[in-house]
Amino acid sequence: MISIDITFLFQLFNFVVLFLLLRHFLFEPMNNFMKERAQSISNKIDSAEQKEQAAQEIKEEYQQKLKEAKIEAQNIIEDSSRRAERVKEDIIIEAKEEANRKIKKAEEEIKRSKQQAVEDLKDEVATISIQIAKELIEQSIDDQMQEETISNYIEQLDEEKLGDLKC
């Protein structure tokens, strides 16, 4: 059996005092330190999660803005392409109109030159006719014969020379 003597009581008393001292000076501060450390770690984890959530929101916002910028850039490119196409078409139309004006002007110039050539030729024919008439008069040909000769000569020249040049 167990004998309880005074030594045992002292040992028990020492044990209780030592337990209370350890509890007061070691266990409670250690327990508080562990609670504070756990709380600090929990706060840091919460803070990291909040920062990660904020970073994720910023990333999504950035991706949305990037997508919008790409769409806007594509729209600008398409708009520029349409404008360039319109400018190209305008230049082509303007060039065609200018070419048509030049062609029309050249045709009018040719027509005027042709008409002037016809008039010059008629004047020349008239001059030649007058010369022929003079020669015929000089040769003492009667008036009737002179008129027929001049008319025949003018008609002949009209048919040969002026037939190709008529407008």
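## Salt bridges along a helix

Glu109 has a relative accessible area of 42%, which means that this residue counts as partly exposed. Salt bridges with shared partners tie Asp79, Arg82 and Arg83 together into one network. Before going further, keep in mind that this is a predicted model.

Let's step back and look at the whole chain. The protein chain contains two helices and zero strands. Out of its 167 residues, 6% are buried. The chain exposes about 15100 Å², and carbon and sulfur atoms account for 57% of that area.

Now for the charged side chains. Side chains of opposite charge can pair when their charged atoms come close. How many salt bridges does the structure hold? There are six salt bridges in the structure.

| Salt bridge | N to O distance |
|---|---|
| Asp79 with Arg82 | 3.7 Å |
| Glu98 with Arg101 | 2.4 Å |
| Glu109 with Arg112 | 3.2 Å |

What separates Asp79 and Arg82 along the helix? Asp79 and Arg82 sit three residues apart in helix α1, which covers residues 6-138, so about one helical turn lies between them. Asp79 has a relative accessible area of 25%, so this residue is partly exposed. Arg82 is partly exposed too, with a value of 44%.

Next comes Glu98 with Arg101. Both of these residues belong to helix α1, where they are three residues apart, or about one turn of the helix. Glu98 counts as partly exposed because its relative accessibility is 32%.

Because Arg112 and Glu109 are three residues apart in helix α1, about one helical turn separates them. Arg112 is partly exposed, with a relative accessible area of 46%.

Which residues gather in a patch of negative charge on the surface? That patch is made up of Glu89, Asp90, Glu94 and Glu97. One of its members, Asp90, is found in helix α1.

What about residues tucked away from the surface? Take Ser129, which lies in helix α1. Is Ser129 buried or exposed? Ser129 has a relative accessibility of 5%, so this residue counts as buried. If you skip the neighbours within four places in sequence, the contacts of Ser129 are Ile150, Tyr153 and Ile154. Ile154 is 25 residues away from Ser129 in sequence, yet the two C-alpha atoms are 7.4 Å apart in space.

Val118 is another residue of helix α1. The relative accessible area of Val118 is 14%, and because anything under 20% counts as buried, Val118 is buried. Between Val118 and Asp158 there are 10.0 Å from C-alpha to C-alpha, although the two residues are 40 residues apart along the chain.

Methods: Residues numbered from 1 in each chain as written. Predicted model: local features only at pLDDT ≥ 70, side-chain atom pairs only at ≥ 80, totals over all residues. Heavy atoms only, no water. Helix = DSSP H or I, 4+ residues; strand = E, 2+ residues; numbered from the N terminus. Buried < 20%, exposed > 50% of the residue type's maximum accessible area, 1.4 Å probe, protein only. Areas by Shrake-Rupley, 256 points an atom, 1.4 Å probe, with all protein chains shown as cover. Salt bridge = Lys/Arg side-chain N within 4 Å of Asp/Glu carboxyl O. Patch = residues over 30% accessible without salt bridge, like charges linked within 9 Å, V, L, I, M, F, W, Y side chains within 5 Å. Lys, Arg positive; Asp, Glu negative; His and termini not counted. Charge placed at Lys NZ, Arg CZ, Asp CG, Glu CD. Contact = heavy atoms within 4.5 Å.
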